[in-house]
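Open the model in your viewer and keep the selection panel at hand. The tour goes from one selection to the next and says what is there.

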Amino acid sequence: MMKLWMLLLKLKIMHKALITYLILACCLFQTTVFAQVETVKAEADQAYIDEHYVDAAQLYEQILTQEYISAEVHFNLGNAYFKNGQIAPSILNYERALKLSPQDEDILFNLRLANLSVKDKVEEIPQLFFVTWWHVILQALSVDGWAWSVVISLILALAGLILFRFSAEEGMKRLTFFTAIIALVWCLFSLYAARESYNHAVNDKRAVVFASTINAKSAPDKKGKDLFVLHEGLVVTVSDELNGWVRIKLSNGDVGWVEASNIVSI
C-alpha cells in the first residue's frame, strides 16, 4: 500500500512538473514569436518610410501569417497597398483594421479615401433610424472594449453592494445602492453589446471584389444572363454559395452571382 502511495505521489509530482514545463515552453514560444514580429514590423515600417511599398506589403503580410492580429498592421498594410495603387487589397485591410478598431479616425479617413478610387458608386438603402443608432452604439467600442466595460462595471456593482451592506449612513446607503444598480444594468448591456459585436465580426459576410471588372450573373453559371458590372474594390455581401459561385448583394439591394475566386472575404 505504501509503495502504491509513493508511486501515485511521484506521478502527481511529475504531472505538475510537466504542466509547469508546458506553461514555460508556451510563454517562451510566445515571447519568441512576439520578438520576431516586432523585428519584421520594424523592417516593414522602414520599408514604408523609404517608399518601398511592395517590400513593406510583403513584410506586413508575413506578420499576419503568424496569426498576429493587429489593427495597426492591417492599417499599415492597407496604406502600403494604397500607395502602390492596389485599391482592392487596401480596402480589404482597411475594413479588417476597422473591425478591430471601429472608431479609429485614421482608418476611417483612409478607407473613405480609398473608396473614392472605386468606380462603382452604389447608393445604400436608407435604414430605420433606430437600426442606425444601434449600429453606432455597437461601433462605439471594439469587442475588447465592450469586454473591459463588462469587467469594470461588474467591479463597480460589487463595490457598490459591499459599501451598501456595510454603510451606516442612510444617504451613503442610498447612493451606493443606486450606483450598484446602474453599474449592474450597464454590465448586462455591455455583455450583450460585446456578444453582438463579436457575432458581427465573426459572421461578417462582406467581401471585396478583387477582379478589375466582372459581370454579375442571374444564375451560378457562365451562361447566365449579365445583370450588372462590378469593379475592383467594391464591398459586397455574400448571401449564398454554390459550386464555386457566390450570390452577392449590393448595398442598393441588387443581387447576382459571381465566381468565388473574384472576391475576398473581409
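**Stop one: salt bridges**

Select Asp45, which is partly exposed, with a relative accessibility of 24%. Keep in mind throughout that this is a predicted model. The side chains of Asp45 and Lys41 form a salt bridge, at 3.0 Å from N to O. Both residues sit in helix H1 (residues 2-49), and because they are four residues apart, about one helical turn separates them.

Glu72 is partly exposed, at 44% relative accessible area.

Next, select Arg195 and Glu196. Their side chains make a salt bridge of 3.6 Å, N to O. Arg195 is partly exposed at 47% relative accessibility, and Glu196 is partly exposed at 23%. In total, the model has seven salt bridges.

**Stop two: the largest pocket**

Which residues lie closest to the centre of the largest pocket? The pocket has a volume of about 1600 Å³. Of its 38 lining residues, Glu95, Glu124, Gln139, His200 and Arg206 are the closest to the centre.

Colour helices H4 (87-100), H5 (105-115), H6 (129-138) and H8 (170-202), together with strand S4 (235-242): each gives at least two residues to the lining. H8 contributes the most, with five residues. Sorted by class, the lining holds 16 nonpolar, 13 polar and nine charged residues.

**Stop three: the second largest pocket**

Move on to the second largest pocket, with a volume of about 410 Å³. It is lined by 17 residues, and those closest to its centre are Ile69, Arg96, Lys99, Leu100 and Ala201.

By class, the lining of the second largest pocket has ten nonpolar, three polar and four charged residues.

Key:
Residues are numbered from 1 along each chain as its sequence is written. This is a predicted model: local features need pLDDT of at least 70, side-chain atom pairs count only at pLDDT 80 or more; totals for chains, interfaces and linings use all residues. Side-chain values use heavy atoms; hydrogens and water are left out. On a 1 Å grid over the protein atoms alone, a cavity is a set of points where a 1.4 Å probe fits but cannot get out, and a pocket is an open set with protein on both sides within 12 Å along at least five of seven lines; lining residues have an atom within 4 Å of a point. Grid points are joined across faces, edges and corners, and a volume is the space filled by probe spheres set on the points. Ala, Val, Leu, Ile, Met, Phe, Trp, Tyr, Cys and Pro count as nonpolar, Asp, Glu, Lys and Arg as charged, and the others, Gly among them, as polar. A salt bridge is a side-chain nitrogen of Lys or Arg within 4 Å of a carboxyl oxygen of Asp or Glu. Buried means under 20% relative accessible area, exposed over 50%, partly exposed in between (1.4 Å probe, protein chains only).
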